[in-house]
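Work through the exercises below with the sequence and the model open. Try each task before reading its solution.

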Amino acid sequence: MIHDRNGRFSRVNPLTSEADLREYGQVGPESFWRLRGNRCLDVALAFALFLFAFPISSVPPQVTSHPQSLTAPVGGTVEFTVAFNGTPQLFILWFHNGTLLASETSSTLRIENLIPAHAGDYHAVIVNSEGSATTTTARLDVIAAAQLGTPTKVQPDRFQIIFNLPGQTALSASDAARFRVEASTDMQNWNLLPADLTESAGALMLEDQVESTSKAKFYRVTEFNVQNVPNMLDGITLDWRLQYFGRSFLDNPLALGAADPDGDDVSNFVEFQLGTDPRSSADAPRFPVEIRTYSGNGVQSGVDGPLSQAGFFHPAGMDFDVFGNLLIAEGHLTSATTVGNLAHRVRTISPGGIVSTWVGGNDPGYVDAQGDNARFRGPSGLVVNSQGITFIADRLNHRIRRIDQQGNVSTVASAGRLLQTPIEVIADAADNLYVSEYDGAKVARIAPDGTISTFAGTGIRGTGSGFRTQTRLNKPGGLGIGPDGTMYIGDWGAAAVRTVDPSGHLSTLIGDLPFLEGMGIDSHANIYVTLPLNGGELRKYSRDGTLIWSLTGGGQVVDGPIGVGKFKRLSKPFILPNGNILVGDEGALREIVMAPIEVIDLGGASEQFSTSTTVSMSTTITGAEIRFTVDGTEPTASSSLYTGSFQVASTLDVKARLFSNGLPVSRMQTKNLIRTP
């Protein structure tokens with residue numbers, strides 16, 4: 001018999017946190033309590049002796065179904081449920097934001113009469129004598145109902161209603177897309193208001209038409225919630241749907257993942273994954289299909305002439321001028337701080353395909369002059385503004401140079417301050433210049449009148465997130481501006497792509513990009529980066545940082561289709577109007593040819609075989625799985641999941657389709673397999 005000095009057990013102080021659970025063990029029901037008495041043994045030992053005397057089959061807990069995140073209004077009810085197995089007896093502990101809910105020991109956690117304090121993270125721990133298992137964390141968001149104001153008549157036939165949310169000091173115009181406003185005359189049948197909401201003095205305003213009928217009209221306002229909308233389970237984000245389909249997307253079947261509004265045989269899900277416009281067939285998703293030489297003979301030189309005969313020397317920044325000429329900056333760097341004497345110039349390629357030197361020359365220097373009398377020292381970034389003026393990031397002259405349409409080179413005034421190794425220069429719609437200062441650990445902004453200020457960074461190297469001028473950068477290089485005004489920064493020192501959103505918040509979007517060489521942004525804010533390691537690599541990411549595709553170079557200059565073509569060391573990617581990608585590759589300009597391809601690669605539409613054949617499938621789309629059939633039926637979410645190649649020995653059709661969270665997100669593709677005598 002096990003006892004304390006008084007010959008009895010006693011238990012006090014129930015556990016109140018996961019830390020207590022870890023400290024006092026996870027065995028048997030009695031181990032959930034602290035023991036008192038100087039000579040007591042751990043009750044877990046008693047439980048172990050019991051198991052020794054009466055052996056039973058013991059299996060540690062295993063979670064078979066985890067609780068799911070939920071969103072509900074104030075006053076509502078939610079339930080979190082967990083399923084599990086294991087022996088002997090299992091005990092359940094529920095936690096809210098890490099604190100034990102002592103009275104909750106059921107597999108279902110029900111919370112009624114919700115208040116904002118109920119919001120947060122929930123998870124469960126299942127324990128028995130063999131161990132414990134922890135569920136994934138589920139998030140509960142509690143949303144307050146909108147407060148509607150008194151209608152105000154603004155026209156003879158129109159009126160407005162102001163609304164806000166309890167506990168929020170202000171709503172901005174950008175918040176308008178979060179809300180769904182519906183009207184009803186009977187409070188049974190609700191119709192979505194097509195008009196957009198507008199911001200008014202920190203609240204949002206809806207406007208509707210006065211009805212000719214004498215019936216009363218009721219309104220309700222709800223906030224979009226991705227978890228509670230069935231057609232959102234296909235994996236497409238809320239902001240993407242709002243961008244292309246507006247607030248009515250919930251009632252619009254063309255907004256679903258499997259739909260193809262532009263008729264280009266590519267579903268919304270695939271267009272979302274690849275960063276293209278689902279409403280335009282001209283903007284169909286494309287993948288790299290070929291690597292070819294755009295211009296250059298492969299010899300590093302400054303030879304001018306036709307595309308195939310010209311030579312280049314590490315072409316860097318590119319842009320088109322107002323006449324359709326492609327401008328290319330070339331800078332001969334022998335290290336990060338020293339230069340050679342083979343290329344410090346700007347080249348042009350005319351619409352007719354003739355390469356020529358516009359300004360600068362082979363040898364470095366600092367001279368403001370016209371044409372080949374001007375001198376640069378390691379020019380890298382290049383941009384043409386809305387007025388047709390070209391600006392150059394003159395890296396080791398630590399200045400921004402200006403070139404007018406006649407080829408006159410001058411220096412942009414910057415309040416007498418030298419820039420600390422400017423790598424990139426870009427311009428916004430208002431012709432403000434943004435300059436990455438590689439050694440200055442910041443991005444400078446130069447107004448059209450020459451006023452210079454710090455746009456991002458503190459001047460001290462580092463990383464982190466926060467307001468743009470209070471957060472550190474670490475050797476910024478490439479720059480780009482997305483269609484919504486977000487600034488993208490290729491931070492070489494941080495091996496990352498950093499972003500500054502329109503509100504001024506600086507954060508890291510993509511990490512693990514060692515020696516980030518160059519960065520480009522397309523019209524949909526897809527991000528292209530070049531990396532020099534392992535023979536070179538070109539990657540495309542979506543605007544949310546998801547990798548879409550990557551190409552490895554092979555360390556050689558070889559033209560050919562993907563798998564045969566190779567590149568050596570790519571500079572900054574430049575997206576051409578036709579969607580192809582142009583990059584400098586030592587002594588040449590290389591073109592990555594893009595073209596639509598099948599979402600699921602079945603190895604062709606048909607195949608004949610004599611005895612048997614191997615069926616293989618692949619997809620370049622992330623976030624989805626391939627389901628297929630071989631009995632002629634259309635694949636569903638319960639059809640066979642493709643996990644690897646398989647053998648076929650008879651005539652049949654293989655049908656395949658992509659699914660995300662059990663929903664179809666691509667068109668069906670078929671391959672005919674025919675066995676011949």
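**Exercise 1. Where is Phe515, and what is its phi?**

Step 1. Phe515 is placed in the loop between E39 and E40; strands (E, at least two residues) and helices (H or I, at least four) are DSSP runs, numbered from the N terminus.
Step 2. Its phi is near 55 degrees, a positive value in a residue other than glycine.
Step 3. Phe515 has a relative accessible area of 42%, so it is partly exposed. The classes are buried under 20% relative accessible area, exposed over 50%, and partly exposed in between, with a 1.4 Å probe and protein chains only.

The model is predicted: local features need pLDDT of at least 70, side-chain atom pairs count only at pLDDT 80 or more, and totals for chains, interfaces and linings use all residues. Residues are numbered from 1 along each chain as its sequence is written, and side-chain values use heavy atoms, leaving out hydrogens and water.

**Exercise 2. Is Asp512 buried or exposed?**

Step 1. Find Asp512 in the loop between strand E39 (505–510) and strand E40 (518–521).
Step 2. The relative accessibility of Asp512 is 66%, so it counts as exposed.
Step 3. Asp512 also has a positive phi, near 60 degrees, although it is not glycine.

**Exercise 3. How many aromatic pairs does the structure hold, and what is the geometry of Tyr434 with Phe455?**

Step 1. There are 11 aromatic pairs. Rings of Phe, Tyr and Trp (its six-membered ring) pair if their centres lie within 6.5 Å; planes under 30 degrees apart are stacked, over 60 edge-to-face, and the rest tilted.
Step 2. Tyr434 and Phe455 are 5.2 Å apart centre to centre with 80 degrees between the planes, an edge-to-face pair.
Step 3. The pair links distant parts of the chain, 21 residues apart: Tyr434 belongs to strand E32 (residues 433–437) and Phe455 to strand E34 (residues 452–457).
Step 4. Tyr434 is buried at 6% relative accessible area, and Phe455 is buried at 10%.

**Exercise 4. Which rings lie under the charged ends of Arg395 and Arg399?**

Step 1. Apply the criterion: NZ of Lys or CZ of Arg is within 6 Å of the ring centre and within 35 degrees of the ring normal.
Step 2. For Arg395 the ring is that of Tyr438, with the charged end 5.8 Å from its centre.
Step 3. For Arg399 the ring is that of Tyr366, at 4.2 Å from its centre.
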